[in-house]
Amino acid sequence: MKQEENPWSKGVVLVCTKCGKSISPKSLHEEGNAGENLKTFLKKSFKESGDLSKIRIVTSSCLDVCIDEYQAVTYAPVQGPTETFIVHPEEDREKLLQHLREKIK
């Protein structure tokens with residue numbers, strides 16, 4: 001076994017793909033999987049700000065925090081406690097983005 005350096009310096013975000021299946025398409029503006037759309041939004045936002053090298057954003061299987069009509073997202077920092085959030089993938093994404101930006105400062 002060989003240990004490698006992380007390609008991100010601050011942490012990793014896990015976006016559950018299973019949660020998106022429980023969100024009514026009527027409550028969404030974007031088509032497709034809500035989890036994938038949220039991941040794409042976050043990655044694009046961090047890339048535009050030049051912070052994508054600080055944080056890795058990936059989809060995950062079930063995070064075991066299932067609440068209908070919401071998306072589970074976990075932030076696991078390189079140092080510090082892991083945090084899990086329940087968000088609406090479109091209505092709460094700006095608030096989630098701001099919270100994550102604060103975490104990687």
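Predicted model: local features only at pLDDT ≥ 70, side-chain atom pairs only at ≥ 80, totals over all residues.

Mentor: Two residues are said to be in contact when they have heavy atoms within 4.5 Å of each other. When its neighbours within four places in sequence are set aside, Ile23 is in contact with Leu28, Ala34, Glu69, Tyr70, Gln71 and Pro89. Ile23 counts as buried because its relative accessible area is 5%, and the limit for that class is under 20%. As a further point of orientation, Asn33 is 10 residues from Ile23 in sequence, and their C-alpha atoms are 9.4 Å apart.

The loop between E1 and H1 also contains Glu30, which joins in a link to a distant part of the chain. The side chain of Glu30 forms a salt bridge with that of Arg93, at an N to O distance of 3.4 Å. Arg93 belongs to helix H2, residues 93-104, and the two partners are 63 residues apart.

From the loop we may turn to the elements on either side of it. E1, H1 and E2 form a β-α-β unit, and this unit is right-handed. E1 is paired with strand E2, residues 55-60, in the parallel sense, and 6 bridges join them. Within this pairing, Val12 has Arg56 of E2 opposite it. Ser60 also belongs to strand E2. Ser60 is buried, as its relative accessible area of 16% shows. Apart from residues within four places in sequence, Ser60 is in contact with Leu14, Val15, Cys16 and Thr17.

The largest nonpolar core has 15 residues, of which Val13, Leu38 and Leu42 touch the most other members. E1, H1, E2, strand E3 (71-77) and H2 are the elements that each give two or more residues to this core. Not counting residues up to four places away in sequence, Val13 touches Leu42, Ile55, Arg56, Ile57, Val58, Val73, Thr74, Tyr75 and Leu100.

E3 and E4 run antiparallel and are joined by 5 bridges. In this pair, Thr74 faces Thr84 of E4. The hairpin that E3 and E4 make has 5 residues between its strands, and Gly80 in this hairpin adopts a positive phi near 115°.

Salt bridges may now be considered as a group. The structure contains 6 of them, including the Glu30 and Arg93 pair already described. Another is found between the side chains of Glu83 and Lys103, with a distance of 3.1 Å from N to O. Here too distant parts of the chain are linked: Glu83 is in strand E4, residues 83-87, Lys103 is in helix H2, and 20 residues separate them. Lys103 is partly exposed, since its relative accessibility is 35%. A further salt bridge joins Asp51 to Lys54, whose closest N and O atoms are 3.3 Å apart. Asp51 is classed as buried because its relative accessibility is 17%, while Lys54 is partly exposed at 27%.

Finally, the cysteines deserve a careful reading. The whole structure has 0 disulfides. Cys62 takes part in none, and the nearest cysteine sulfur to its own is that of Cys66, 3.7 Å away.

Definitions and conventions. Residues numbered from 1 in each chain as written. Heavy atoms only, no water. Buried < 20%, exposed > 50% of the residue type's maximum accessible area, 1.4 Å probe, protein only. Disulfide = S-S within 2.5 Å. Pairing = 2+ DSSP bridges. Helix = DSSP H or I, 4+ residues; strand = E, 2+ residues; numbered from the N terminus. Right-handed = clockwise from strand over helix to strand, strands pointing away. Salt bridge = Lys/Arg side-chain N within 4 Å of Asp/Glu carboxyl O. Core = buried A, V, L, I, M, F, W, Y, C linked by side-chain atoms within 4.5 Å.
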